Amino acid sequence: MDSSTRRQATRQKLYEAAVTLIAEQGFSATTVDEIAERAGVAKGTVYYNFASKTVLFEELLRHGVGLLTASLRTAEQETAARGGSRVDALDAMIRAGLVFIDRYPAFTQLYVAELWRTNRAWQDTLLVVRREAVAVVEEVLREAVETGELSPEVDIPLTAPALVGMVLVAALDWQSFQCGRSIDDVHAALSLLLQGRVSGVGPARP
């Protein structure tokens, strides 16, 4: 393992330790010593990789939302490669979001909580990474409108974050209060909502 790979592995351990601790007890109450101990590294290793706890948290946000954005983009690209529609791509992105949240529940809880706070040192970073994730959904919505799959009345700047928010909140509710349900159940429910509300296909009328 070369030095670059080792450093990435160390940073990943620090991300995982930090997100778990901060989700459990909050940013202010979490110390660098605790992060180092949870990650199984020396305290100096934390400062070797990150100038401060705040910088670590900012990079954690970039890393986590970057993974989410990449998973959404991959879902869209794979759907396109199969010849699926743009609404199919949105549906695949919903599932990709659920898979991400199921894999990284602590990060998701932390991310959603931080979205509502406006006095943090990392607020600008949070806005940038949020914009990147939402932009992927906006792009697919725009293409769906242009190809006639969706109505031109769709408000893209509002619908894109609404879809992202729907997945985040539904997934957190699933994990907190309906954990006995499978990811297939949750995806099916959100898929029906997408097909019925976004694409304009409502229930059959008598």
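Colleague: What is the helix and strand content over residues 31-50?

Modeller: Over residues 31-50 the chain is 75% helix and 0% strand. The end C-alpha atoms of that stretch are 14 Å apart. UniProt, in an unreviewed entry, places a "DNA-binding region" at residues 31-50. Keep in mind that this is a predicted model.

Colleague: Which residues does UniProt list for the "HTH tetR-type" domain?

Modeller: Residues 8-68, again from an unreviewed entry. The chain there is 80% helix and 0% strand. From end to end, the C-alpha atoms of residues 8-68 are 18 Å apart.

Colleague: And the whole chain? How many helices and strands?

Modeller: Nine helices and zero strands. The C-alpha trace spans about 65 × 35 × 35 Å along its principal axes. Buried residues make up 41% of the 206 residues.

Colleague: What share of the contacts with a separation of 6 or more comes from residues 24 or more positions apart?

Modeller: 65% of them.

Colleague: Confidence next. What is the mean pLDDT of the chain?

Modeller: The mean is 90, and 95% of the residues reach 70 or more.

Colleague: Where does pLDDT stay under 50?

Modeller: Over residues 201-206. The model has three contacts beyond four places in sequence for that stretch. Where pLDDT is low, the predicted coordinates should not be read in detail.

Colleague: Which residues of helix 1 are buried?

Modeller: Thr10, Arg11, Leu14, Tyr15, Ala17, Ala18, Val19, Leu21 and Ile22.

Colleague: What covers them?

Modeller: The cover includes helix 2 (32-39), helix 3 (43-49), helix 4 (53-81) and helix 6 (105-115).

Colleague: Let's look at helix 4. Is Glu76 there buried or exposed?

Modeller: Glu76, which is found in helix 4, counts as buried because its relative accessibility is 15% and the cut-off is under 20%. Leaving out residues up to four places away in sequence, Glu76 touches Arg86, Ala89, Met93 and Val140.

Colleague: What about Ala75, buried or exposed?

Modeller: Ala75 also lies in helix 4. Ala75 is buried, with a relative accessible area of 8%. Ala75 and Asp91 are 16 residues apart in sequence, and their C-alpha atoms are 9.0 Å apart in space.

Colleague: Now Val136. Which residues does it touch, not counting those up to four places away in sequence?

Modeller: Val136 touches Thr69, Leu72, Arg73 and Met93. Val136 lies in helix 7. It is buried, with a relative accessible area of 3%. The C-alpha atoms of Val136 and Gly97 are separated by 12 Å, and the two residues are 39 apart along the chain.

Colleague: Which residues line the largest cavity?

Modeller: Among them are Leu68, Leu72, Leu90, Met93, Ile94, Gly97 and Ile101. The lining also includes Val137, Leu163, Val164, Val167 and Leu168. Helix 4, helix 5 (86-103) and helix 8 each give two or more residues.

Colleague: Which element gives the most there?

Modeller: Helix 5, with five residues.

Definitions and conventions:
Residues are numbered from 1 along each chain as its sequence is written. This is a predicted model: local features need pLDDT of at least 70, side-chain atom pairs count only at pLDDT 80 or more; totals for chains, interfaces and linings use all residues. Side-chain values use heavy atoms; hydrogens and water are left out. UniProt positions are given in the numbering used here, feature names are shortened, and annotations may be inferred rather than shown by experiment. Helices (H or I, at least four residues) and strands (E, at least two) are DSSP runs, numbered from the N terminus. pLDDT is the predictor's confidence in each residue, from 0 to 100. Contact means heavy atoms within 4.5 Å. Buried means under 20% relative accessible area, exposed over 50%, partly exposed in between (1.4 Å probe, protein chains only). On a 1 Å grid over the protein atoms alone, a cavity is a set of points where a 1.4 Å probe fits but cannot get out, and a pocket is an open set with protein on both sides within 12 Å along at least five of seven lines; lining residues have an atom within 4 Å of a point.
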